Amino acid sequence: MPPKSIKIKQSLQRYWRHNIRITIALLFVWAIVGLGCGILFADFLNEFKVSGYPLGFWFAQQGAIIFFVLIILIYAVLLNSLDDRHSREIQDLTERDPEV
Amino acid sequence: MSVREWTFLFVALSFGLYLLIAWYSRVRDTKGFYVAGRGVPAAANGMATAADWMSAASFISMAGLISFMGYSGAIYLLGWTGGYVLLALLLAPYLRKFGHFTVPDFIGDRYDSNLARLVGVVAALFVSFTYVAGQMRGVGVVFSRFLEVDISIGVMIGMVIVFIYATLGGMKGITWTQVAQYWVLITAFLIPAIAISIRLTGQPLPQFGLGAPLLEGGYLLEKLDLIHADLGFSSYTSPFQGSWDKANVFLVTLALMAGTAGLPHVIVRFYTVRNVRAARWSAFWALFFISLLYLTAPASAAFARYYMIDSVQNKTLEELPEWFNNWEKTGLIMWLDDGDGRVRYSAREDNEIFSYKAGAVAVKGTPVTLDQIRLSQKEWIDSNGARGQDWRPDMRKAKLSGPDRDIIVLATPEMAELASWIIALVAAGGLAAALSTASGLLLVISSAVAHDLYARIINPEASEKKRLMVGRSVIGVAVIIAGFFGIFPPGFVSQVVAFAFGLAAASFFPAIVLGIFSKRVGTVPAIAGMLTGLGFTSFYIIASVYWGMEPWTFGVLVHGVNPQGIGALGMVANFLVTFVLTPFFPKPSAEVKNLIDSVRKPEITSVLG
């Protein structure tokens, strides 16, 4: 069985990898919605209409901003629970072996 | 009560409230002064960040810009909100974990160099001073338009108020005042927007109203497109018109996004919350509160655009609405008739709607006043062209065609025929927006000089009491300098504010992101990257704005790169230089590695630890 210090290190590494994965996934959504739908595909999307809104125009002046707020909300929820999980894990490890 | 009396009442009440809050949140130590004792709850910090962020320009000018730019107005909407995603995901929680007072602090410690710290201080000072001068001017403009007070006196009143609450309460006083200022400014922005939305579309939510049919039939946006085509303006909803091609919209938006994330007065707000989890929530609340204004501004823009054209086009002098006559006095909108007695507003040569700017039109070197133009135009009409002058060609040449953009927000309450107390509320809102941003920036200036320069570089042994005194004095001096710029604005201020974003994008943003996410990037490559980004961006801006350099097309773009968007390329240059140099320079020291490790650890929850 590996010593506790290595387990803690592994937990920290897993935490960081998980964090990076969440961050990259959300930044991907950010880029698709904001820079993609709002700008790069705006002329194409404008051919579709949702009630009185041309879709590209809607993304550029309304939709992207709503998505941005949601992205940060999801990030805060996911990362704070990840923090909880790993800090509890590390807490448990150190408490069982206070010398580490 | 008249509009003027209501305005006096609201301004006096709101200023009294700010001073009262300042008195209750006065501080005694540097921790309270720079980071509000790290005791600000997440939602309150979000609100303060939103007020800090939304400046006089966001409040007064943005909706106007959108209403004249149509789709392309999205550069501001996307840029100034999308930046918060970068800030929330890449910077805020880590910088809070790092837990110092300022941005140059992080740069200096992470890259283990006082030179890096100094570059940070200079960039922070430059960005903040250019920005704050515009705010002070905004205070003066609101005073002069609504209260008919001289601009200089308006600026001075603003200076005194900011001086009192910023020196007394530092970050703590500023934070709680900003919370109050948020409510004043958002109420002042939303009420007229909702009222005009109901009036035009019957929808109480402006966001739905924008996509809804008008009460008189036909979708608002479709009708606006038709009117625009009719009058020779470019389409309201179609993207990429004129010089705003896809490449430029993309680059400018990206530069504003990265710049937003790199602006020191926004970043420091995240140092004031209790812990990392609060920093994440606070970023969410900040964008949530900001989005209330940013989702409403495009609606106000389209409503006011439609309403403005509809209520003046083809009208005779007797038929013109009251708001038109009120604002014609200020010169923000003026009608120079061709003699047929009917208003014609168009993008063509027959346009009769202009705005007046002092000194923009001159005869033989002598500036012509608003009244002189009006009298001379009237004489020209009355005498059938024998005397006087038709000023329209001159005004067109001076690029004064169409009304002033600020009128969109300033006159909306009157267009919607709202009660005079709501019109007065808009004045208080504009002042709240300007004052809250100005105070946040002044604190950055104070911390850059008193903390980074004085306490960390010049006199590291200074006592707590002395540091606090230096911090307070610097704010005092900075208020006076900012006020001076507000009274005697250097002509470049309005351009420079937009460029502050480019510079922040090209210097701070890459340096901080790499500082957190790379353990390999060392001192020399980072400083070289920052200097490259700063140098490249400022060269392009200065050369194209002042030396008349042709914008670069790189052989592929149809229109050259807009100077506002060059920060995006400066940022890429910064990243590239840093990456290329990194393998040739030593790795960061063990101490710095420990610092990075500590920033990347999950926070031990307070319940357990």
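Because the model is predicted, local features need pLDDT of at least 70 and side-chain atom pairs count only at pLDDT 80 or more, while totals for chains, interfaces and linings use all residues. Residues are numbered from 1 along each chain as its sequence is written, and chains are lettered from A and ligands numbered from 1 in the order in which they are written.

Start with confidence. The predictor gives the complex an ipTM of 0.93 and a pTM of 0.91. Where pLDDT is low, the predicted coordinates should not be read in detail.

Now chain B as a whole. It holds 25 helices and four strands. Both kinds of element are DSSP runs, numbered from the N terminus: helices are H or I with at least four residues, strands are E with at least two. The radius of gyration of chain B, taken over C-alpha atoms, is 25 Å. The globule rule, 2.2 Å times the number of residues to the power 0.38, gives 25 Å for 609 residues, so chain B is as compact as a globular protein of that length. Its C-alpha atoms fill a box of roughly 85 × 60 × 50 Å along the principal axes.

Burial comes next. A residue is buried if 20 or more other C-beta atoms lie within 10 Å of its own, exposed if 12 or fewer, and partly exposed in between; C-beta atoms are placed from the backbone. By that count, 55% of the 609 residues of chain B are buried. Helix α22 (residues 508-517) of chain B is mostly covered, with seven of its 10 residues buried. These are F508(B), F509(B), P510(B), A511(B), I512(B), L514(B) and G515(B). Two residues are in contact if their C-beta atoms, placed from the backbone, lie within 7 Å. Among contacts in chain B between residues at least 6 apart in sequence, 80% join residues at least 24 apart.

One helix pair deserves a look. The axes of α14(B) and α18 (residues 407-415) of chain B come within 10 Å and cross at roughly 65 degrees. Axes here are lines fitted to C-alpha atoms, for helices over the stretch in contact, and angles run from 0 to 180 degrees between N-to-C directions. The crossing is left-handed: the near helix is turned anticlockwise from the far one by less than a right angle, whereas clockwise would be right-handed. From α14(B), the contact takes S300(B), A301(B), A304(B), Y307(B) and M308(B). From α18(B) come I408(B), V409(B), T412(B) and M415(B). The contact residues divide into seven nonpolar, two polar and no charged. Ala, Val, Leu, Ile, Met, Phe, Trp, Tyr, Cys and Pro count as nonpolar, Asp, Glu, Lys and Arg as charged, and the others, Gly among them, as polar.

N314(B) counts as exposed because it has 11 C-beta neighbours inside 10 Å. E318(B) sits in the loop between α14 (297-312) and α15 (322-328) of chain B. E318(B) is exposed, with 6 other C-beta atoms within 10 Å. The C-alpha atoms of E318(B) and P104(B), 214 residues apart along the chain, are separated by 60 Å. Another positive phi, near 50 degrees, belongs to D112(B). D112(B) is in the loop between α6 (103-110) and α7 (114-147) of chain B. D112(B) is partly exposed, with 15 other C-beta atoms within 10 Å.

Turn to chain A. It has three helices and two strands. From the N terminus, they run α-α-β-β-α. Chain A has a radius of gyration of 21 Å, while a compact globule of 100 residues would have one near 13 Å. Its C-alpha trace spans about 65 × 20 × 15 Å along the principal axes. Buried residues make up 36% of the 100 residues in chain A.

Finally, the interface. Here 44 residues of chain B are in contact with 41 residues of chain A. On the side of chain B, the elements giving two or more residues are α5 (74-98), α10 (220-231), α11 (246-262) and α13 (276-294). That side divides into 28 nonpolar, nine polar and seven charged residues.
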